[in-house]
Amino acid sequence: MLEKGKINTGEFEIIVIIFTLGSSILVAPALLASYAKQDAWIASFLSLMIGLCFIFLYSQLTSFYPKMTFIEMTKNILGKWVGGVVSFLFLFYFFIISAGLLREIGDFLTTQILVETPIHTILISFIIISMAGVKLGIEVISRTAIIFFPWMILMLTLLFFFLIPEIEISNIQPIYGEGFKAIARATYSSLGLPYLELFIFLMITPYVTNKSGLKISFYKGAIIGGLLLSILIIFSIIVLGADFTARHAYPSYILGKKISLGTVIERLEVIVAIIWFFSMYFKLTICYYGITLGIAQVFKLKSYKILVSPIAFLLVTFSIILYPDIVYFQDFLAHTWTPYSLTICFFIPCIVLFAAKVKKVKTHKENGR
């Protein structure tokens, strides 16, 4: 086995929560509000419920082969060549995610905080930090997440608490004012970010020690992360208004600027930035780890760690080539990402699961003879 580390269900649950928050903290409010306006929070809850169906699908696959990653499953179920093609599609998808996450980090910092810093410097600096996590393995990544997770929750709580005086309930009215069609469109657009992306955890499930509690932890992690995200979207709307939330690239970051308690506590956007940095780091590192481990399994390498540096170089390069600017990235996210994610993270797993069930029935019949 290429990965020797082991994690428990509690650690697995925490990294699922952090991954679910991920880049969605900054971009989800604007994405949903652009379609559903003040009803974006309804779409957020609906997408969470649909996201749980995806987790059911992934859990079914895991129950068939609890000790195998998705790469190993496909080769076992579909054979060497067909399994290899499916593995390539899976790995390429998460390569695009990783490059997009890296680009998003660069765009945010160069437009909001370090405006005079070259984006290449930021991309290289962040990928080096992520490389350290990938080389240390999933056990270290998970235990590091445990250290930072309480601070993330504390900062989110403080953010929500300090925003209470800024609430304007009229901003969320009229409820259901945009109609079902707008809510459905917003729900659909948000499925690819982040619920379909949870598919990457099929590269981690074999290393969870307590397999009986794995499914519950998967559900709990997605539910907690989804609820936190939905609450953030609600605050974006009732504090900033639906129109402003839809127009601004990073509305949740602006929420921090709205905080004003007398002349003592003001402009705490750094809270949002810190939460986002933590969640983005772990999301990028988990995707990056899944890519290196998957490629090593496809080519039957003795260690995945020899791939860490070459893939880091490719991620930095393609984060600039694939996403030329922030406008292109947002358009790609709004119109292309969900159908692409459904193809890789829903239809392909359905086919693999169907093939696994057919193979199981066939094996039982042969053994019965």
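This is a predicted model: local features need pLDDT of at least 70, side-chain atom pairs count only at pLDDT 80 or more; totals for chains, interfaces and linings use all residues.
## Aromatic pairs

A pair of aromatic rings is described by the distance of the centres and the angle of the planes. In this model the count comes to 33 aromatic pairs. Phe88 and Phe92 both belong to helix α5, which covers residues 80-113, and they stand four residues apart, about one turn of the helix. Phe88 has a relative accessibility of 53% and therefore counts as exposed, while Phe92, with a relative accessible area of 39%, is partly exposed.

The pair of Tyr323 and Phe332 is edge-to-face, because the ring centres lie 5.7 Å apart with the planes at 70°, and an angle over 60 degrees is the cut-off for that class. Tyr323 and Phe332 are both buried. These two residues also belong to one aromatic cluster, whose members include Tyr58, Phe70, Phe90, Tyr93, Phe94 and Trp337. A ring can also have a charge over it: the charged end of Lys283 sits over the ring of Phe19, at 5.1 Å from the centre of that ring.

## The largest pocket

The largest pocket has a volume of about 320 Å³. Two or more residues of the lining come from each of the helices α5, α12 (269-298) and α13 (308-321), and α5 gives the most, with six residues. When the lining of this pocket is divided by class, it has 12 nonpolar residues, two polar residues and no charged ones.

## The second largest pocket

The second largest pocket holds about 240 Å³ of space. Its lining consists of 16 residues, of which Val27, Ala30, Leu31, Ala249 and Gln330 lie nearest its centre. The elements that give two or more residues to this lining are α2 (24-36), α5, α10 (242-247) and α14 (326-335), and α14 gives the most, with five residues. By class, the lining of the second largest pocket divides into 10 nonpolar, three polar and three charged residues.

## A covered helix

Helix α11, which runs over residues 251-258, is mostly covered, since six of its eight residues are buried. The buried residues of α11 are Pro251, Ser252, Tyr253, Ile254, Leu255 and Gly256. The elements that cover them include α2, α5, α7 (138-163), α9 (214-240), α10 and α12.

Ile286 has its place in helix α12. Its relative accessibility is 0%, and because buried means under 20%, Ile286 counts as buried. When its neighbours within four places in sequence are left aside, Ile286 is in contact with Ile15, Phe19, Ile141, Ile200, Phe201 and Ile204. Phe19, one of these contacts of Ile286, is also the residue whose ring lies under the charged end of Lys283. Ile286 and Phe92 are 194 residues apart along the chain, and their C-alpha atoms are separated by 15 Å.

Key:
Residues are numbered from 1 along each chain as its sequence is written. Side-chain values use heavy atoms; hydrogens and water are left out. Rings of Phe, Tyr and Trp (its six-membered ring) pair if their centres lie within 6.5 Å; planes under 30 degrees apart count as stacked, over 60 as edge-to-face and the rest as tilted. Buried means under 20% relative accessible area, exposed over 50%, partly exposed in between (1.4 Å probe, protein chains only). A charge sits over a ring if NZ of Lys or CZ of Arg is within 6 Å of the ring centre and within 35 degrees of the ring normal. On a 1 Å grid over the protein atoms alone, a cavity is a set of points where a 1.4 Å probe fits but cannot get out, and a pocket is an open set with protein on both sides within 12 Å along at least five of seven lines; lining residues have an atom within 4 Å of a point. Grid points are joined across faces, edges and corners, and a volume is the space filled by probe spheres set on the points. Ala, Val, Leu, Ile, Met, Phe, Trp, Tyr, Cys and Pro count as nonpolar, Asp, Glu, Lys and Arg as charged, and the others, Gly among them, as polar. Contact means heavy atoms within 4.5 Å.
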